[in-house]
Amino acid sequence: MAEVTHALKSMVEGTIGQVWIKGEVGGLKRYQSGHWYFTLRDADAQIRCVMWRSYAAKAREIPSDGAEVYVRARPTLWEERGELRLSVVALLPTATLGAQESARERVRLALEGDGLFALDRKRSLPNVPGRIAVVTSIDGAVLHDILTVRHERWPHTEVIVVPTRVQGEGAPEEVVRALGVVEQLGVEVCILARGGGAREDLSVFDDERVCRVVARMAMPVVSAVGHETDIALVDLVADRRAATPSAAAELVLPDQRSIAGQVDQLAIRLAQGLVRPTRLLGERILRST
């Protein structure tokens with residue numbers, strides 16, 4: 001039984017990332033530990049929710065029974081009970097929802113309706129990219145972090161930087177233009193990144209124009225926007241999402257130390273006669289005997 005529930009939990013968490021959901025709060029209980037447990041429901045369905053203390057402490061107010069709210073949550077499975085539930089990281093009463101969040105939700109619904117969050121449209125990253133593009137501001141630490149990881153992991157990959165502003169008036173248009181430049185560079189992967197900041201500073205990456213350009217890029221796009229708990233709409237559209245710019249570089253670039261270790265092991269096996277070289281399509285490969 002445990003193996004089944006564990007497999008189901010992995011499937012749920014691996015298939016559905018964080019989502020925004022609107023519903024009514026029911027049966028909210030606050031425990032001395034600081035955790036909240038409640039049910040989120042609408043006219044057609046309901047689901048149990050948990051909001052751990054660190055997130056509950058950030059809530060603007062305690063919702064009353066029947067209050068309509070937006071929650072940002074990650075679907076998961078409570079293995080001990082075999083029960084689907086939402087792990088809530090943010091809760092916003094709709095009555096106090098700001099104009100920015102309302103606009104964001106409208107964009108989210110439009111993008112989701114066009115299938116831009118669908119998993120089957122996500123593309124795989126190349127194993128060893130020869131050339132990548134980085135779209136970011138050159139004023140912060142983002143570029144330094146990415147280049148540091150490149151130096152440590154795979155310095156052979158060419159990195160082309162396309163600078164742009166990542167916040168403020170006119171920034172969405174600049175990001176769209178920068179992505180257009182990337183299309184002309186013949187790169188294999190694009191990293192779209194910015195450092196952390198307040199939630200309102202990430203609005204560029206909730207912009208519908210930016211999201212739609214990312215969705216139609218010719219190469220896979222990795223988004224690295226904000227902090228680990230911040231999910232921008234471009235994260236949901238991109239082919240892969242990384243919590244930080246450094247993590248994005250680690251996703252894109254192979255680890256030279258790991259590859260060197262694999263080569264050493266193959267050399268040992270070759271010397272021991274456990275593998276033999278075989279010519280295939282004009283290239284020399286190692287095939288197990």
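**A covered strand and its surroundings**

A: Let's begin with β6, a mostly covered strand in which five of the six residues are buried. Buried means under 20% relative accessible area, exposed means over 50%, and partly exposed lies in between, using a 1.4 Å probe and protein chains only. Strands (E, at least two residues) and helices (H or I, at least four) are DSSP runs, numbered from the N terminus.

A word on the source: this is a predicted model, in which local features need pLDDT of at least 70 and side-chain atom pairs count only at pLDDT 80 or more, while totals for chains, interfaces and linings use all residues. Residues are numbered from 1 along each chain as its sequence is written, and side-chain values use heavy atoms, with hydrogens and water left out.

Back to our strand. β6 runs parallel to β7, and six bridges join the two. Two strands count as paired if DSSP finds at least two bridges between them. In general, strands of a sheet pair through backbone hydrogen bonds, either parallel or antiparallel.

The largest nonpolar core holds 34 residues, and Val 182, Val 214 and Val 234 have the most contacts inside it. β6 (131-136) and β7 (158-163) each give two or more residues to this core, as do α3 (99-113), α5 (171-182), β8 (189-194), α6 (208-215), β9 (221-225) and α7 (233-237). A second, separate core of 18 residues includes Leu 125, Trp 154, Ala 193 and Leu 253. Here a nonpolar core is a set of buried Ala, Val, Leu, Ile, Met, Phe, Trp, Tyr and Cys residues joined through side-chain atoms within 4.5 Å. In soluble globular proteins, nonpolar side chains tend to be buried together.

Leaving out neighbours within four places in sequence, Val 214 is in contact (heavy atoms within 4.5 Å) with Leu 179, Leu 192, Val 221, Val 234, Val 237 and Ala 238.

Elsewhere, two helices meet. The axes of α4 (residues 142-153) and α8 (residues 245-252) come within 8 Å and cross at roughly 35°. The axes are lines fitted to C-alpha atoms, for helices over the stretch in contact, and angles run from 0 to 180 degrees between N-to-C directions. Val 142, Asp 145, Ile 146, Val 149 and Arg 153 of α4 meet Pro 245, Ser 246, Ala 249 and Glu 250 of α8.

The chain also forms a closed barrel of five strands, in the order β1-β2-β3-β5-β4, with mixed pairing. Neighbouring strands of this sheet are turned by 50° against each other on average, direction ignored. β1 (residues 19-30) pairs with β2 (residues 36-41) in the antiparallel sense over five bridges, and Arg 30 stands opposite Trp 36. A hairpin of four residues then joins β2 to β3. β2 and β3 (residues 46-51) are antiparallel too, with six bridges, and here Trp 36 faces Met 51 as its opposite residue.

Next, β3 runs parallel to β5 (residues 83-93), with three bridges joining them; Val 50 stands opposite Ser 87. β5 is also the antiparallel partner of β4 (residues 68-78), over 10 bridges, where Val 69 has Pro 93 as its bridge partner. Because 10 of the 11 residues of β5 are buried, this strand is largely enclosed by the rest of the structure.

Not counting residues up to four places away in sequence, Ile 21 touches Leu 40, Val 69, Tyr 70, Val 71 and Leu 86.

Finally, the cysteines. Cys 49 is buried at 3% relative accessible area, and Cys 190 is buried at 0%. A search of the whole structure finds zero disulfides, meaning pairs of cysteine sulfur atoms within 2.5 Å.
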